Amino acid sequence: MYIIETKNLTKKFGSLTVFEGLNVAVKKGEVLVIIGPSGSGKSTFLRCLNHLEEPDKGEVFIEGEKLNVKNKKHMRNTIEKVGMVFQNFNLFPHMTVLQNVMEAPITVKHESKAEVLKRAEVIIEKVGLKEKLKNYPSKLSGGQKQRVAIARALAMTPDIMLFDEPTSALDPELVGEVLGVMRDLAKEGMTMVVVTHEMGFAKEVADRVIFMDGGKIVEEGTPEEFFTSPKKQRTKEFLNKIP
Amino acid sequence: MDINILRDMFPVLLKGSLITLELTLISVVLGSLLGMVTALLKLSKNKLVVTVAGFYTWLFRGTPMLLQLFVLYYGLPYIGIKFTPFQAAVIGLSLNSGAYMGEIIRGGILSVDKGQFEACKSLGFTYFHTMKRVILPQTFKIIIPSVGNEFITMLKDTSLVSTIAMVEIMRSAQLLYASSFRPMEAFFITGCLYLFMTTIFTTVFSYYEKRLSVY
């Protein structure tokens, strides 16, 4: 059984079709990296996986459970298992680092404060921000913010993590620290779907790479096949333009 | 101005100013609750609810408060609904304040980054928890200056209820000068008391503004 599966997934913005009929399946523990030019529909596809965007047609299955707009409670419970990291972090600015990480397990899962605190401290230490516990996000660098965002998602003990261009808003110097945390996660066996422009990360960490353009999957394969011997002309063009 | 007359008038006007404060606080608190509901209704996806809330703001922002108070106090008794001056004043002021607060709060909610809603959704928050834990606390910080403004406007607008036989500070001033023929003394004290009250509110609000700017 696949941990994520889309069937005939279609998304339109008005008369513009972003993508049509996408069938993608991800196995447990797999790291899937989606690359492609801007406007190719890769981010929108990722955002459909946890229904931040409602698909116009088709279905998303998370651990075999179909996401159903009409059953909000079931949808929330299913989405809880899917953590998401955004390009612009979207941390809660009125909460400290620790509060950001503790908020969802307490509010959404009604876990006890003491239990969540223990877990939160471990996770925050894992992303290397132990000394920033009491800081507000405005006092952190971009890389630190993104690591808090990852910690916040991990605090919900998700089975799947989605990353929507997690390093695109960062200073080049700060990209490494975020990719480092993601690499560790992948090593621990987390199922990850990553939309990124970081080819180095894709080569090194991905189990499978999907190249999207114009709302279609142009090519997919293991990083070795994909980067060393791409089959499609469009893929070659794209890879040639990347330094 | 005669110091003795000032001294005689002061206790009466101070008492009136307490009524003014009471009216302001009750109306702004009720108005804020009403405004919160109005703002959430106006942001809902249900068209009927949006229309009803829109009608309310349209009506109460689009007509003078004096007219609203007159309808409540002088008009409604003709269809069998009677209010005491205090009741009519509180209802009128709250409904009016609610319409303005609704727009302030709605604007505040809309100016919270859309990414905050997305983060909440991706973490499995319900609408209620999203609002309570994440959106409204941020809204509150954004709207504090406007709310302070509304508070002060409301404090001064309570003077309008003097026209429906509600004895607050303005009405007390009118009564005093009519009986003593000493308008300057009465209005001087009244002005000072208004300034004193608005200064307190301004100070309290700038304190909160500073406290909330830690993030």
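Modeller: The crossing of helix 1 and helix 6 in chain B is right-handed. This is a predicted model, and what follows should be read with that in mind. Helix 1 of chain B covers residues 3-42, and its axis lies 11 Å from that of helix 6 of chain B, at an angle of about 140 degrees. The pair is therefore classed as oblique, because the label roughly antiparallel is kept for angles over 145 degrees. From helix 1 of chain B, the contact draws on B:Thr20, B:Leu21, B:Thr24, B:Leu25, B:Ser27, B:Val28, B:Met36 and B:Leu40. Facing them from helix 6 of chain B are B:Tyr127, B:Met131, B:Leu136, B:Phe151, B:Met154 and B:Leu155. By class, this contact of helix 1 with helix 6 in chain B holds eleven nonpolar residues, three polar ones and no charged ones.

As for the chain around that pair, chain B has eight helices and zero strands, so its element order from the N terminus reads α-α-α-α-α-α-α-α. The C-alpha trace of chain B extends about 70 × 50 × 20 Å along its principal axes. Of the 215 residues in chain B, 42% are buried. Taking contacts in chain B between residues at least 6 apart in sequence, 77% are between residues at least 24 apart.

The buried residues in helix 3 of chain A are A:Val97, A:Leu98, A:Asn100, A:Val101, A:Met102, A:Glu103, A:Ala104, A:Pro105 and A:Thr107. What lies over them? The cover on the buried residues of helix 3 of chain A comes from both chains, and includes helix 4 and helix 5 (142-154) of chain A as well as helix 5 (114-123) and helix 6 (127-157) of chain B.

The two partners in chain A can be taken in turn. Helix 3 (residues 97-107) and helix 4 (residues 113-126) of chain A have axes 9 Å apart and pack at an angle of about 130 degrees. Helix 3 and helix 4 of chain A are therefore oblique to each other, and helix 3 of chain A makes a right-handed crossing with helix 4 of chain A. On the helix 3 side of chain A, the contact uses A:Val97, A:Leu98, A:Val101, A:Met102, A:Pro105 and A:Ile106. Helix 4 of chain A contributes A:Lys113, A:Val116, A:Leu117, A:Arg119, A:Ala120 and A:Ile124. The residues of this contact of helix 3 with helix 4 in chain A are ten nonpolar, no polar and two charged.

The other partner is helix 5 of chain A, whose axis comes within 7 Å of that of helix 3 of chain A, the two crossing at roughly 25 degrees. That angle makes helix 3 of chain A roughly parallel to helix 5 of chain A. The crossing of helix 3 of chain A over helix 5 of chain A is again described as right-handed. A:Val97, A:Asn100 and A:Val101 of helix 3 of chain A form the contact with A:Val148, A:Ala151 and A:Arg152 of helix 5 of chain A. Its residues divide into four nonpolar, one polar and one charged.

A:Cys48 belongs to no disulfide, and the nearest cysteine sulfur, that of B:Cys120, is 20 Å away. A:Cys48 has a relative accessible area of 0% and is buried. B:Cys120, also at 0% relative accessibility, counts as buried too.

Technical notes. Residues are numbered from 1 along each chain as its sequence is written. Chains are lettered from A and ligands numbered from 1 in the order in which they are written. This is a predicted model: local features need pLDDT of at least 70, side-chain atom pairs count only at pLDDT 80 or more; totals for chains, interfaces and linings use all residues. Side-chain values use heavy atoms; hydrogens and water are left out. A disulfide is a pair of cysteine sulfur atoms within 2.5 Å. Buried means under 20% relative accessible area, exposed over 50%, partly exposed in between (1.4 Å probe, protein chains only). Axes are lines fitted to C-alpha atoms, for helices over the stretch in contact, and angles run from 0 to 180 degrees between N-to-C directions. Helices (H or I, at least four residues) and strands (E, at least two) are DSSP runs, numbered from the N terminus. Angles under 35 degrees count as roughly parallel, over 145 as roughly antiparallel, 65 to 115 as roughly perpendicular and the rest as oblique. A crossing is left-handed if the near helix is turned anticlockwise from the far one by less than a right angle, and right-handed if clockwise. Contact means heavy atoms within 4.5 Å. Ala, Val, Leu, Ile, Met, Phe, Trp, Tyr, Cys and Pro count as nonpolar, Asp, Glu, Lys and Arg as charged, and the others, Gly among them, as polar.
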